[in-house]
Amino acid sequence: MNNKLIIPYWEHFEHGADIGIRGIGTTLEQAFEQAAVAMTGVVTHLDLVSASTVVNIHCEAPDNELLFVSWINELIYEMSAHSLLFSRYEVVINDGQLSGTAFGEAIDPEKHQPAVEIKGATFTELRVFQQADDSWIAQCIVDV
C-alpha cells in the first residue's frame, strides 16, 4: 500500500446539460460517501443542511458500479419522496450489500434555495475503481 495520506473529498465534473458527481477516498465506502456529498452539493450549499434526520438505506448489486448507481438512486428517492436533503453519509459495503445512513433535514426552500432537482443517477461516465495510489473513485452523471 502506498504510504501517501489520501484525504477523502468530492467534486463535480461537467457533462452537457447534466452534471457529474465524483467521490474520492481511501476506501470504497469513503468514495461512495463523498459522491453522495457531491450529489447534495449539486442541489444546495452543504453548510446549510443540518443533520437532524437519519435515514437508513440498504441496497445490493452484483458489482460495485451497479451498487453505486443503486446507492445514489436510493438517496435521490428519499430526497424526492420525503422532501429531504442530506449533508453527511456513512456507508458499509460487504459482499455486494450496502448499508448506509444519510443524515439531513427536511427541505426548506427559503433556507436551502435548491438550485435543481436531481432525477436520477445514470450509467453515463459510471466508474468505480481503485487508482494506482490505492485511493478509490466512484463517479457517474446525474440527470438534473
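The following legends describe close-up views of a predicted model.

**View 1. Helix 2 and its ends.** Helix 2 covers residues 64-82. Its 19 residues, at 1.5 Å a residue, should span 27 Å, and this agrees with the 27 Å between its end C-alpha atoms. Just after helix 2, Ser-83 adopts a positive phi of about 50 degrees.

**View 2. Buried residues of helix 2.** The buried residues of this helix are Leu-67, Phe-68, Val-69, Ser-70, Trp-71, Ile-72, Leu-75, Ile-76, Glu-78 and Met-79.

**View 3. Packing of helix 1 and helix 2.** Helix 1 comprises residues 28-43, and its axis comes within 11 Å of that of helix 2, crossing at roughly 40 degrees. Helix 1 is therefore oblique to helix 2. The crossing is right-handed. From helix 1, Leu-28, Phe-32, Ala-35, Ala-36, Met-39 and Val-43 take part in the contact; their counterparts in helix 2 are Asn-64, Leu-67, Phe-68, Trp-71, Ile-72, Leu-75, Ile-76 and Met-79.

**View 4. Surroundings of Gln-30.** Gln-30 belongs to helix 1 and counts as partly exposed because its relative accessibility is 22%. The side chains of Gln-30 and Thr-26 are joined by a polar contact of 2.6 Å. Leaving aside residues up to four places away in sequence, Gln-30 touches Pro-8 and Gly-25. Ile-137 is 107 residues from Gln-30 in sequence, yet the two C-alpha atoms are 9.0 Å apart in space.

Note on methods: Residues are numbered from 1 along each chain as its sequence is written. This is a predicted model: local features need pLDDT of at least 70, side-chain atom pairs count only at pLDDT 80 or more; totals for chains, interfaces and linings use all residues. Side-chain values use heavy atoms; hydrogens and water are left out. Helices (H or I, at least four residues) and strands (E, at least two) are DSSP runs, numbered from the N terminus. The expected span of a helix is 1.5 Å times one less than its number of residues. Buried means under 20% relative accessible area, exposed over 50%, partly exposed in between (1.4 Å probe, protein chains only). Axes are lines fitted to C-alpha atoms, for helices over the stretch in contact, and angles run from 0 to 180 degrees between N-to-C directions. Angles under 35 degrees count as roughly parallel, over 145 as roughly antiparallel, 65 to 115 as roughly perpendicular and the rest as oblique. A crossing is left-handed if the near helix is turned anticlockwise from the far one by less than a right angle, and right-handed if clockwise. Contact means heavy atoms within 4.5 Å. A polar contact is a pair of N or O atoms within 3.5 Å; within protein, one must be able to donate a hydrogen and the other to accept it, and residues adjacent in sequence count only if both atoms are side-chain atoms.
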